[in-house]
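Colleague: Could you walk me through this one? I have the viewer open and a few questions ready.

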Amino acid sequence: MDRRRFLTVLGATGGAAAAASACDIHAEPTEHLVPYTVPPENQVPGIATYYATTCRECAAGCGLQAKVREGRVIKLEGNPESPINQGRLCSRGQAGLQGLYNPDRVTDPMARSPHGEWQKLSWEDAINRLQAKVKEARGKGIAFVTGLESGSFGELVDAWMKGLGGRHVTYEPFAFEALREGNRLAFGTSAIPWYDFANARYIVSFGADFMETWLSPVGYQNGFTRAHAFEGGRDGSMAKFVSVAPRLSLTGMSADQWIAAKPGTEYMLALAMAQVILAERLAPTPADARGLDRLLPAPQQVATFVGIEARDIRRLAREFAASHGGLAVAGGMSTHYGSGAHVLVASVNLLNYVAGQVGKTVKFGPNHALEAGGSFKQLTDLVGDMSAGKVALLLVHGANPAHSLPAAFSQALGRVAYKVSFSSYLDETAAASDLILPDLHPLEQWNDSRPRAGVYALQQPVMQPVFPNTRHTADVLLQASGSASSFKDYLQTRWRTLHQRYGRGRGFDDFWSDALQHGGVYTDVAVQSPRLVPGFAQRLGGLAASEGASEQHLLIVFPSIALHDGRGANKPWLQELPDPVSKITWHGWVEVHPETAAKSQLANGDILLLESPHGTVRAPVWITPGVRPDVLAVPSGQGHKAYGRYAKDRSFNAFELLSDQPTDFGGRAFSVGVRVTKTGDHRRLATVEGDAREQGRGIIEVLPLAKARELRRGAHPFAEEETPAYARKALEAWAEAQHEKATLGNYAGEHPRWAMAIDLAKCTGCSACVTACYAENNLATVGEELVSRRRQMSWLRIERYYTGGKGGHPVGAVVTPMLCQQCGNAPCEPVCPVYAAYHTPDGLNGQVYNRCVGTRYCANNCPYKVRYFNWYNYAEQGGEWESWPDPLNMLLNPDVTVREKGVMEKCTFCVQRIRGAQNRARLEDRNVQDGDITPSCAQACPSEAIVFGDLHDKTSRVAALAQDPRGYHVLEGLNTRPAITYLARVVHGAVVED
């Protein structure tokens, strides 16, 4: 039977065979295409529309551009006009899309029946109940708990509570109380300044993880990269970065030096550095700081306590002052000890002050909104009143204290007569409420915020509500108070004041439209230079004799970069995002130093029982040199008892170990003494980590700064001989045959050679590019079980390798993004028996999905291991491994095929963006210009480490970077001819081999 006859028979019998099979295959339902009767304004089928709005996943307030196709948001990008993030966006910001389309959102108002069951209500009934309860509770105690609301909604809540005689409590689990109190101690103001990382020349972080969760991580990471990156054409210099912290965080991995000071003694190091600067007059001494060197501890007095040599303290102080651009930062959660965290901040303020940097790199004036972030003490005071029966009505919006304060708050809830939640999800606090009035998602609502002084950021609904019976909480409050106006009217009334100040003669409608288009109004604020509080240094000087925490097992709870305080746990992109340090997904862990593990005979995955005076959890061990031997560390974010299918009953809640009493600075202690017990149980970690060390394979090249300065154009210190002498003739003959084939068909003529350059002196490993790839290319999330079996589908991974730790060398780490190298001599292509892997005319390693039969030969032959196989049909509705349950499937990019079971996939350099740019250029009768095409990874990267373009365009940035003397190709000796050029990382000091 020939092929034509076979297909004829198959076509005639296929339908009957499918109907008769036992595989539960049915005929596809008929779908009718219905055209627009009246096309919506600004909507052209197949063409994306972009709307400016503001991210609300944390308090940073980054600007967003929402990409909308046919009425649904499919991608979130950074707004280039926002001064907060300058067009870049972290993983949490991008994953806000999964909060919008989350399948576990509350779809209707609900009330708890007398039998404890949830019953759906109409909005009229729900608001009537709210009004009745407010009237009943008036004079008996009404409290409204919200997250940080720095705009009009917060003002509305304040006004409503004032009218009712209630109180508005702002609660953020990570509210930086120590930072505010330390600023008040030193300068008499609790304002949180803006830190100018971009113009810093020497950065010292005392536990402030400014690339993860500290204040404004995207903006600060971008500024840090501008200072710390090596630009050969600049002046050959780069800022030095020293991290002082008990564990090596993501921020610490970018440091030139990690100092693992004894917990609780960091402030001594800061004071001793200030003393050296004053005593040796390394900087002009402010008038109010003269004579302070006699009050502050000298390096030899604190060296033993801190755990480093006195000469090293003097060296740090001299380098800091000599840079004429020093910046010291503190106030991170990893240094929120039981007491004294505010003293560390005050000490760091003094260090900046005596170095002459307050007003230069530390800028009061453009202050962060977190100054109004409430405090842990305010919440605990409320909990005390709830427990005493002094709160008759509790309303909660944008906060989940039942998770972050699990014992005390949950018990106190039982003493409150009526609880109302405005949560969009059935989180722990909502599940314990009596009435749920589901709020719109921030992408569906009007609002504004002021993340920094001078920045007035607008939110606008970028699409119709996914669930039509949800309602903006502000509109509910206005209706419950008897107002007939909408919150949009209320918002515009507030913005008329801004119009009077910044309207520049325009009418309000034009001013409003312009603000919506740009994402807000951005103004400059004058920088202030505060003075030291009189007597401040005398109080600090007497503290240097005290010693830090002395618990045998000090446990530190640090904020998860992805899950934060737990609010990200219901988003599968964030659950499956490998932690940048541990590479663990979907569950928590406890970090243990190798020496500690050896003493207790622990292995990765062993389950420990951690007992504090406040609670007990079970956590699997992850052994790492990036933590002090006398310290254990666990991440926050997991352990939810509710909050949807992706978060509920997963791992442990680290907050259960912490005290529910406020510290002396009004915040919360994120460290606690614990008793550790081996349980004898073991689990397999859901990790994507390979070898913890590079083993000399040349995957990540590192140059000392002195050598990098000496490099000249044309030098190639990392070049390898690609072809041995005996194979050159064969290779030349093969190349001649290839050139002959390249003159045929679509390969004839001139074509671009798409390529990428990745600067490892800029890359921090933050993983924003990984989430961007998931969002742009419809990558499936496979879940904890399949990740533990190494079946993850991420096209781009961040490899992390530890360095040092042997022979007295300090511990460090290096990172690199690893994705398809789009090889010129791709090993994957010749082994495919069905030609699914092929070479495109413009140099890409193409993959024909409907031709692939899943032999996986290509993956076996790929030396970079960047091809991924679909073991299951992740798009099957209702299937066991379904990745996009309705309505999560609404976020799928219509320009990218959703792959099915049995298909191999990999990075395509976002080929859909390439073809789109080529089509636009063709319609405009021009060539594609450098910068027209930006892959999703490069667009999101806060460090601007990734550059994309055409190698054949000699004027392009990527062509110039490909010739940079720091450039090299990974595994170059294999002669695969990758299209990705990596630029070697540059470090201060000597290079430490692994």
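Colleague: Are Trp-214 and Tyr-220 buried or exposed?

Modeller: Both Trp-214 and Tyr-220 are buried, and please keep in mind while we talk that this is a predicted model.

Colleague: How are the rings of Trp-214 and Tyr-220 placed, then?

Modeller: Their centres are 5.8 Å apart and their planes stand at 35°, so the pair is described as tilted.

Colleague: And which aromatic cluster does Tyr-220 belong to?

Modeller: One aromatic cluster is formed by Tyr-195, Phe-197, Phe-210, Trp-214, Tyr-220, Phe-224 and Phe-241. In the whole structure a search finds 30 aromatic pairs. One of them joins Tyr-195 and Tyr-220, with 6.3 Å from centre to centre and 70° between the planes, and this pair is edge-to-face. Tyr-195 sits in strand β8 (residues 192-195) while Tyr-220 sits in helix α7 (residues 217-228), so the pair ties together parts that are 25 residues apart in sequence. Tyr-195 counts as buried too, at 4% relative accessibility.

Colleague: Why do you give a distance and an angle each time?

Modeller: A pair of aromatic rings is described by the distance of the centres and the angle of the planes.

Colleague: Changing topic to helices: how many residues does α5 have, and how far does it reach?

Modeller: Helix α5, covering residues 152-164, has 13 residues and reaches 18 Å from its first C-alpha to its last, which is close to the 18 Å expected at 1.5 Å a residue.

Colleague: Which residues of α5 are buried?

Modeller: The buried residues of α5 are Ser-152, Phe-153, Gly-154, Leu-156, Val-157, Trp-160, Met-161 and Leu-164.

Colleague: What follows α5?

Modeller: Gly-165 follows α5, and the phi angle of Gly-165 is positive, near 75°.

Colleague: Where is Gln-912, and is it buried or exposed?

Modeller: Gln-912 is found in helix α28, which runs over residues 911-923, and at 16% relative accessibility Gln-912 counts as buried. The C-alpha atoms of Gln-912 and Asp-895 are separated by 6.4 Å, although these residues are 17 residues apart along the chain.

Colleague: On to strands. In what order do the four strands around β28 lie?

Modeller: The four strands form an open sheet in the order β35-β28-β37-β36, and the pairing is mixed. β35 (946-950) and β36 (967-968) stand at the edges with a single partner strand each, so one side of each is left without a neighbour in the sheet.

Colleague: How do β36 and β37 pair?

Modeller: β36 pairs with strand β37 (residues 980-983) in the antiparallel sense, over two bridges. If you want a place to look, Tyr-968 stands opposite Tyr-982 in β37.

Colleague: How do the residues lining the largest cavity divide by class?

Modeller: The lining of the largest cavity divides into 13 nonpolar, 17 polar and nine charged residues.

Colleague: And what about the second largest cavity, what is its volume?

Modeller: The second largest cavity has a volume of about 140 Å³. Of the 19 residues that line the second largest cavity, Ser-560, Leu-563, Ile-584, Trp-589 and Gln-638 are the closest to its centre. By class, the lining of the second largest cavity has 11 nonpolar, seven polar and one charged residues.

Key:
Residues are numbered from 1 along each chain as its sequence is written. This is a predicted model: local features need pLDDT of at least 70, side-chain atom pairs count only at pLDDT 80 or more; totals for chains, interfaces and linings use all residues. Side-chain values use heavy atoms; hydrogens and water are left out. The expected span of a helix is 1.5 Å times one less than its number of residues. Buried means under 20% relative accessible area, exposed over 50%, partly exposed in between (1.4 Å probe, protein chains only). Two strands pair if DSSP finds at least two bridges between them. Rings of Phe, Tyr and Trp (its six-membered ring) pair if their centres lie within 6.5 Å; planes under 30 degrees apart count as stacked, over 60 as edge-to-face and the rest as tilted. Ala, Val, Leu, Ile, Met, Phe, Trp, Tyr, Cys and Pro count as nonpolar, Asp, Glu, Lys and Arg as charged, and the others, Gly among them, as polar. On a 1 Å grid over the protein atoms alone, a cavity is a set of points where a 1.4 Å probe fits but cannot get out, and a pocket is an open set with protein on both sides within 12 Å along at least five of seven lines; lining residues have an atom within 4 Å of a point. Grid points are joined across faces, edges and corners, and a volume is the space filled by probe spheres set on the points.
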